[in-house]
Amino acid sequence: QAINAGLPPLAVEEEVLRFLYQRGVATADRALGRLFADLDELGLLDGMLVVVTSDHGEAFFEHGQLLHTTVHEEVLRVPLFVHWPGGERAGERRSVPTASIDLAPTLLAAVGLEHEGLPGRDLAALAGDPGGRRALVAGTLYKAVIAHPWKAIFSLDRPVEPALYHLGRDPGELHDLAIQHPEVLARLRDMAIGHVVASRELTLPEGHPDRPTLTPEERRRLEALGYLQ
């Protein structure tokens with residue numbers, strides 16, 4: 001945190017931190033391996049639905065920061081492995097964008113329980129959907145909006161310039177294209193604002209001072225973006 005605040009790192013800092021992080025990943029991998037081996041030996045694994053994922057990645061100076069304080073790809077892109085019962089879809093890879101909010105509807109649908117009204121989508125239903133790409137929004141202080149192949153990063157309440165990246169050509173987010181593509185940036189900014197407004201409508205009670213009051217035109221635009229129904 002001190003380095004993120006401006007303290008110059010030691011020469012070996014990145015190497016040491018990467019080593020510690022990799023050892024942590026290796027420890028988790030061994031523990032999961034033992035768990036799955038035990039479940040398999042008990043004859044339980046084949047009939048189980050198992051999901052392995054993470055809440056965030058970790059930054060190692062890719063964009064001048066450590067830990068997980070940014071919304072760049074090194075923090076947002078995390079593993080998602082799904083073991084379906086009976087070996088269904090074994091070995092398949094999917095490129096449909098997903099988010100952690102998809103896990104609840106996926107698990108509920110898999111066991112036949114209602115999931116209508118929840119944010120997110122059933123990943124099993126999306127798996128064969130060629131039109132399954134949709135915009136994803138992540139972050140708190142900073143908002144990342146990903147509408148493949150574009151990604152924009154905003155701070156909606158701070159005087160920080162937004163950034164725009166083409167993930168197809170620049171997966172490392174090294175080249176900011178905000179000036180070259182203002183129309184794309186404006187579209188993704190609308191999505192970020194819509195996400196914030198919709199979240200407040202979902203979580204704040206009627207009459208709360210922070211609950212937004214929308215004009216009919218604002219509501220129409222947010223419905224068009226898929227944030228309100």
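Four strands form an open sheet in the order S5-S6-S7-S8, and their pairing is antiparallel; two strands count as paired if DSSP finds at least two bridges between them. The edge strands, each pairing on one side only, are S5 (136-138) and S8 (163-166). Neighbouring strands of this sheet are turned by 15° against each other on average, direction ignored. S5 and S6 (residues 143-147) are joined in the antiparallel sense over 3 bridges. Within this pair, Val-137 has Val-145 in S6 as its bridge partner.

This is a predicted model, in which local features need pLDDT of at least 70 and side-chain atom pairs count only at pLDDT 80 or more, while totals for chains, interfaces and linings use all residues. Residues are numbered from 1 along each chain as its sequence is written, and side-chain values use heavy atoms, with hydrogens and water left out.

The protein chain has 6 helices and 8 strands. Helices (H or I, at least four residues) and strands (E, at least two) are DSSP runs, numbered from the N terminus. Of its 229 residues, 29% count as buried, that is, under 20% relative accessible area, with exposed over 50% and partly exposed in between (1.4 Å probe, protein chains only).

The protein chain exposes about 14,900 Å², of which carbon and sulfur atoms supply 57%; accessible areas come from the Shrake-Rupley method with a 1.4 Å probe, and for residues only the protein chains shown count as cover.

Leu-10 lies in the segment before helix H1 (13-41). Leu-10 is exposed, with a relative accessible area of 59%.

Methods
Axes are lines fitted to C-alpha atoms, for helices over the stretch in contact, and angles run from 0 to 180 degrees between N-to-C directions.
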